[in-house]
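Visitor: I have a chain open here and would like to go through it with you. Can we start with the terms and then get to the residues?

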Amino acid sequence: MNIQPVAFDHPDAVKLNDRVQREYAERYDDEGDVTPLDASMFKPPYGLYLIAYDDAGTALATGGWRVMDENGEGYADGDAEIKRMYVTPEARGLGLARRILAVLEDDAREAGRARMVLETGTKQPEAISLYTSSGYTPCGKFGHYRFSRLSRCYAKPLR
């Protein structure tokens, strides 16, 4: 596997984002994750977006982080937020999410961020398992879905 930084609006990133949005919509019976995102949020040093490719150049997994500071939505100064972690069904079980997560954490730490945060939902038990087994613990709710009963927020110190 080859993990590469890409722009959030790169064609492969758009395709994977479309797939994860369809999965969110199916799991939650809604329109998917409507958190406002744009490509500028993932440009270093204020974030990073990654895609894992197989040897044939097929995009199999993705994930990114973006700078978030105190803004009235529950974030704290120094936060780095994980967004759009996704592994295609055919590549699940290969450890790609864990590898991408480690690269994102290292990059956010190098960028001087103090804490990695993420929001997931109760209908994504495999995501919750990944994060808790990677050292994330429940934290106060933040972000677009902070008032949803299905939302679960987690954090991990980076320092």
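Guide: Buried means under 20% relative accessible area, exposed means over 50%, and partly exposed is in between, using a 1.4 Å probe and protein chains only. This is a predicted model, so local features need pLDDT of at least 70 and side-chain atom pairs count only at pLDDT 80 or more, while totals for chains, interfaces and linings use all residues. Residues are numbered from 1 along each chain as its sequence is written, and side-chain values use heavy atoms, with hydrogens and water left out.

Visitor: Fine. How many salt bridges are there?

Guide: The count comes to 11 salt bridges. The rule asks for a side-chain nitrogen of Lys or Arg within 4 Å of a carboxyl oxygen of Asp or Glu.

Visitor: What does Arg84 pair with?

Guide: Arg84 forms a salt bridge with Asp33, at 2.8 Å from N to O. Arg84 is in strand E4 and Asp33 is in the loop between H1 and strand E2 (47-53), 51 residues apart, so the pair links distant parts of the chain. Helices (H or I, at least four residues) and strands (E, at least two) are DSSP runs, numbered from the N terminus.

Visitor: Is Arg84 buried or exposed?

Guide: Arg84 counts as buried because its relative accessibility is 5%. Asp33 is also buried, at 13%.

Visitor: What about the phi of Arg84?

Guide: Phi of Arg84 is positive, about 60 degrees, although the residue is not a glycine.

Visitor: Which other residue has a positive phi without being glycine?

Guide: Asp29 is one, with phi near 55 degrees. Asp29 sits in the loop between H1 and E2, and at 71% relative accessibility it counts as exposed.

Visitor: Which residues are linked with them in a network of salt bridges?

Guide: The network of salt bridges consists of Glu23, Arg27, Arg92 and Glu126.

Visitor: What does Lys156 meet in a salt bridge?

Guide: Lys156 meets Glu105, with 3.2 Å from N to O. Lys156 is in strand E7 (residues 151-157) and Glu105 is in helix H2, 51 residues apart, which again links distant parts of the chain. Both Lys156 and Glu105 are buried.

Visitor: Switching to helices. At what angle do the axes of H2 and H3 cross?

Guide: The axes of H2 and helix H3 (residues 125-133) cross at roughly 50 degrees and come within 11 Å. Axes are lines fitted to C-alpha atoms, for helices over the stretch in contact, and angles run from 0 to 180 degrees between N-to-C directions.

Visitor: What do you call that arrangement of H2 and H3?

Guide: H2 and H3 are oblique to each other. Under 35 degrees would count as roughly parallel, over 145 as roughly antiparallel and 65 to 115 as roughly perpendicular, with the rest oblique.

Visitor: Which residues make the contact?

Guide: H2 contributes Ala97, Arg98 and Leu101, and H3 contributes Leu130, Tyr131 and Ser133. Contact means heavy atoms within 4.5 Å.

Visitor: Now Thr88. Where does it sit?

Guide: Thr88 is in the loop between strand E4 (79-87) and helix H2 (96-110). Its relative accessibility is 0%, so Thr88 counts as buried. Leaving aside neighbours within four places in sequence, Thr88 is in contact with Leu16, Arg19, Ala59 and Leu60.

Visitor: Last one. Where is Gly112?

Guide: Gly112 is in the loop between H2 and strand E5 (115-121), and it counts as partly exposed, at 35% relative accessibility. The C-alpha atoms of Gly112 and Leu158 are separated by 8.8 Å, and the two residues are 46 residues apart along the chain.
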